[in-house]
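Work through the exercises below with the sequence and the coordinates open. Each task is followed by a solution in steps.

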Amino acid sequence: MHTFSIRAVSADNPKSEVTPGARMADDPAVPALGVILALGLASAAPPAKAAPRYPLRPLELVVALVEDPDFPPLDEQVVQVALRSAEAEFARRFDVPAPRFVVRYRFEAKRFIDIYAHPRDPACKEAFAARYKGTGTKELAAHREEAMKFLKKWPLESLKGFVNPEDRAQIRSYDDIYALYARRYVAQIDTIKRLRTPAGTPLLEPERSYERSFVAWLCALKTQSDFDVLVTNTFIVSDLLTEPHPHSVFGKAKIGGIATQSPHRTALAGEALLATTFGIDTTIPELNELNGKVPSLEERARLLGAYLLAHEIAHSVFGIPDVFDHPAGCLMTSRPGATYLDGLKELDAHPTPCPKCRPYVEARAAYEKGLTELEAGHAAAASQAFLRSVQLTPEHFHGGRRRRLAAVTMASSKAQAAMGQEQRALRYARLAVKLDPASDAAQTHLAALEAPTLAPGAPVIEASRTTSTATTARPGKPSGG
Ligand SMILES: [Zn+2]
Ligand SMILES: [Zn+2]
């Protein structure tokens with residue numbers, strides 16, 4: 001459910017020498033097949049369509065399971081059914097081919113955070129500096145400007161849904177929304193600090209540890225290089241003060257899912273995902289997402305897969321942000337006050353793709369069509385598809401519109417090079433680097449185009465050096481969106 005936009009790339013990746021957790025059987029789906037059939041998942045998922053409207057390229061995602069012993073354990077059957085359910089739901093919601101999940105790793109949560117999340121890691125320290133330590137409203141003040149900028153991504157009207165109906169008339173500006181957030185969020189964290197896990201340990205001690213911190217999990221997703229998806233059972237508190245995600249900070253202040261930067265992973269083009277079963281399985285009434293209803297095994301699996309994971313994949317693949325003004329049945333919507341089960345029921349009642357999400361899907365489909373044409377040697381057709389993708393890419397974009405435009409522009413540059421348009425290829429390559437200075441792929445591509453002309457004093461080299469100095473001098477700042 002979350003974007004994250006700090007762009008500094010770690011110079012020394014501390015993970016390279018780390019061995020990930022125990023490897024699991026390569027395809028654990030096989031033993032679970034009987035379970036899937038027994039549950040009648042086929043009735044929950046629609047029959048597969050012969051040809052999706054948007055023929056995206058195959059997507060395989062490597063999964064790691066991360067278990068916190070203080071909470072109800074991850075249920076292997078639930079996880080397997082959830083993954084199949086996420087695959088089917090994603091395909092159905094967006095009229096695209098189903099992705100495929102493969103479980104490869106298993107970790108213990110504390111150890112996982114010890115391995116992957118270090119507050120002094122250059123890739124993470126900016127976010128750790130904005131982590132809420134639970135000491136009150138004063139702590140929020142230093143990050144007010146960025147928090148306001150973040151809230152302004154949504155129309156004020158759509159944020160009013162988080163305000164009690166009787167108070168809505170008093171919300172006239174983003175300042176009013178911010179003031180309400182500051183009050184409600186601080187009070188909610190105080191409540192959480194008084195709660196205990198089923199094991200009897202404190203649920204959250206933000207002054208003493210960060211193992212259940214959103215910031216720490218973002219950091220872990222960013223620094224690792226082994227998986228695309230984390231499934232965990234732990235509690236994760238929403239504590240990044242520069243990104244007050246409305247449906248979290250106006251609600252229970254916890255995180256159900258994450259889609260964020262993971263520059264070492266390519267399957268989701270530099271992103272990785274997380275979903276937690278905590279809100280589904282917890283016995284802590286203040287934080288349970290089902291209003292105390294005990295879900296069936298199939299409901300647990302579909303909440304984890306169809307409701308959380310499929311939503312997170314859509315953030316990464318299509319760039320659809322969390323939205324609060326799309327019609328009923330939109331997978332990217334979290335309704336204020338609605339439980340997970342309400343959300344799932346609403347999805348089931350509206351099985352067709354959301355029309356307001358469609359521009360994102362079409363922009364992605366055009367981009368992928370371009371890539372396929374390029375590989376087939378049809379550079380002109382590829383070039384047209386890339387142009388169309390740029391035109392279709394919406395303004396409010398998960399992870400920043402500039403990052404996606406940089407990827408498409410780099411692909412356009414390759415198409416131009418294939419057509420022998422060297423100057424244009426170079427221009428597009430420079431533009432891609434300018435759009436996303438943190439992109440290693442864009443930098444490498446530009447360097448490759450410039451390499452053959454690296455003769456001392458050649459005018460084109462001077463121009464290019466100026467460009468790259470100007471872009472690398474930019475701080476690794478969010479690219480908006
Ligand atoms: Zn989301
Ligand atoms: Zn939608």
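The model is predicted, so local features need pLDDT of at least 70 and side-chain atom pairs count only at pLDDT 80 or more, while totals for chains, interfaces and linings use all residues. Residues are numbered from 1 along each chain as its sequence is written, and chains are lettered from A and ligands numbered from 1 in the order in which they are written.

**Exercise 1. Give the strand order of the open sheet of five strands, and state which strands stand at the edges.**

Step 1. Helices (H or I, at least four residues) and strands (E, at least two) are taken as DSSP runs, numbered from the N terminus. Two strands pair if DSSP finds at least two bridges between them.

Step 2. The order is β2-β1-β3-β5-β4, and the pairing is mixed.

Step 3. β2 (100-108) and β4 (257-261) each have a single partner strand, so one side of each has no neighbour in the sheet.

Step 4. On average, neighbouring strands are turned by 20° against each other, direction ignored. Axes here are lines fitted to C-alpha atoms, for helices over the stretch in contact, and angles run from 0 to 180 degrees between N-to-C directions.

**Exercise 2. How do β1 and β3 run, and how do β4 and β5 run?**

Step 1. β1 (residues 60-67) and β3 (residues 229-232) run parallel and are joined by four bridges. Val 63 has Val 229 of β3 as its bridge partner.

Step 2. β4 and β5 run antiparallel, with five bridges between them. Thr 260 stands opposite Ala 272 in β5.

Step 3. Five of the five residues of β4 are buried, so the strand is largely enclosed by the rest of the structure. A residue is buried if 20 or more other C-beta atoms, placed from the backbone, lie within 10 Å of its own, exposed if 12 or fewer, and partly exposed in between.

**Exercise 3. Classify the crossing of α17 with α19 and that of α3 with α13.**

Step 1. Angles under 35 degrees count as roughly parallel, over 145 as roughly antiparallel, 65 to 115 as roughly perpendicular and the rest as oblique.

Step 2. The axes of α17 (residues 401-418) and α19 (residues 440-450) come within 10 Å and cross at roughly 25°. α17 and α19 are therefore roughly parallel.

Step 3. The contact is made by Ala 406, Met 410, Ser 413 and Ala 417 of α17 with Ala 441, Ala 442, His 445 and Leu 449 of α19.

Step 4. The axes of α3 (residues 76-94) and α13 (residues 297-318) come within 7 Å and cross at roughly 50°, which makes α3 oblique to α13.

**Exercise 4. Are Asp 95 and Ala 253 buried or partly exposed?**

Step 1. Asp 95 is in the loop between α3 and β2, and its phi is near 60°, a positive value in a residue other than glycine. Asp 95 has 18 C-beta neighbours inside 10 Å and so counts as partly exposed.

Step 2. Ala 253 lies in the loop between α11 (246-249) and β4, and its phi is also positive, near 60°. With 24 C-beta neighbours inside 10 Å, Ala 253 counts as buried.

How values were computed:
Contact = placed C-beta atoms within 7 Å.
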